[in-house]
Amino acid sequence: MEKEEFPMATEPLSCPIGSPHEFRLQREFGTQARAQAFYRNQVLDSLNPEMMAFIAEQRMVFVATSDAAGSADCSPRFGPPGFVRILRDGSLCWPEYRGNGVLATLANIDDNPHVALLFVDFERAKIGLHVNGLAWLRSNDQMVLNPYGTSLVEADTAVGGGRHPERWVLVEVEEAYIHCSKHVPLMRVLTQDEEVHWGSDDTQHKGGDYFRARRSRVRVP
């Protein structure tokens, strides 16, 4: 028999974490005790120092959003380690650069502020971190004036050469918890001679029509 990861909890939390639909399925599938133990032992309502250190090392994050009607989107964001900033009040932010112009993630946030972030370390620890919370769109000027993180964003918003953020996403953390290491693959780290074209508008650097979508839309007479 597989060993349980957490001690079994028999009493519910005084302030339950999770949704009514989670609780309904837990009752239906008989997982209430395990779920309560996980909530009790692993779910925090803010980032602890270990979580902050983990985020500061990550090169990517998956961002899940939906509009008010429930139409969902999940998009990754990439950058050098530390591109997701941790502000002094414990909130998170990251820069948004010029993209394809669809703005699916930002449109959802504007309509429904609930977001779910997933950080996964594929390079060393093979572990993940879920961060759920409320998100807002902020301009460069608003971020520079933010009293909790001015020094973290000034370099990105300064006038000068190179590509700079068009706006920012600011996230107030409501839940943070582990994603277990089972089945997380180990991936290689980029070598020093592999250049990353951050914020590029070059079609080839962006992948071009890799999946031949443009050709698929062309009607054959």
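Predicted model: local features only at pLDDT ≥ 70, side-chain atom pairs only at ≥ 80, totals over all residues.
## Briefing on the core, a helix pair and selected residues

Leaving aside neighbours within four places in sequence, valine 131 is in contact with Leu47, Ile55, Leu92, Val115, Ala116, Leu117, Phe119, Val173, Glu175 and Ala176.

**The nonpolar core**

- The largest nonpolar core has 23 residues, and among these Leu92, Leu117, Phe119 and Val131 touch the most other members.
- Several helices and strands each supply at least two residues of this core, namely the helices α3 (49-56) and α4 (104-111) together with the strands β1 (60-66), β4 (92-96), β5 (114-121), β6 (127-138) and β7 (167-179).
- As general background, nonpolar side chains in soluble globular proteins tend to be buried together.

**Helices α1 and α2**

- The axes of helix α1, which covers residues 20-29, and helix α2, which covers residues 32-42, come within 8 Å and cross at roughly 140°, and the two helices are therefore oblique to each other.
- On the α1 side the contact is made by Glu22, Phe23, Gln26 and Arg27, while on the α2 side Gln32, Ala35 and Tyr39 take part.
- Sorted by class, this contact of α1 with α2 has 3 nonpolar, 2 polar and 2 charged residues.

**Cysteines**

- The structure holds 0 disulfides.
- Cysteine 93 is buried, with a relative accessible area of 0%, whereas cysteine 180 counts as partly exposed at 32% relative accessibility.

**Residues with a positive phi**

- Leucine 103 is not a glycine, yet it has a positive phi of about 65°; this leucine 103 is placed in the loop between β4 and α4, and with a relative accessible area of 45% leucine 103 is partly exposed.
- Lysine 126, although not a glycine, has a positive phi of about 50°; the place of lysine 126 is in the loop between β5 and β6, where lysine 126 is partly exposed, with a relative accessible area of 31%.

Terms used. Residues numbered from 1 in each chain as written. Heavy atoms only, no water. Axes fitted to C-alpha atoms, helices over the stretch in contact; angles between N-to-C directions. Helix = DSSP H or I, 4+ residues; strand = E, 2+ residues; numbered from the N terminus. Parallel < 35°, antiparallel > 145°, perpendicular 65-115°, else oblique. Contact = heavy atoms within 4.5 Å. Nonpolar A, V, L, I, M, F, W, Y, C, P; charged D, E, K, R; others polar. Core = buried A, V, L, I, M, F, W, Y, C linked by side-chain atoms within 4.5 Å. Buried < 20%, exposed > 50% of the residue type's maximum accessible area, 1.4 Å probe, protein only. Disulfide = S-S within 2.5 Å.
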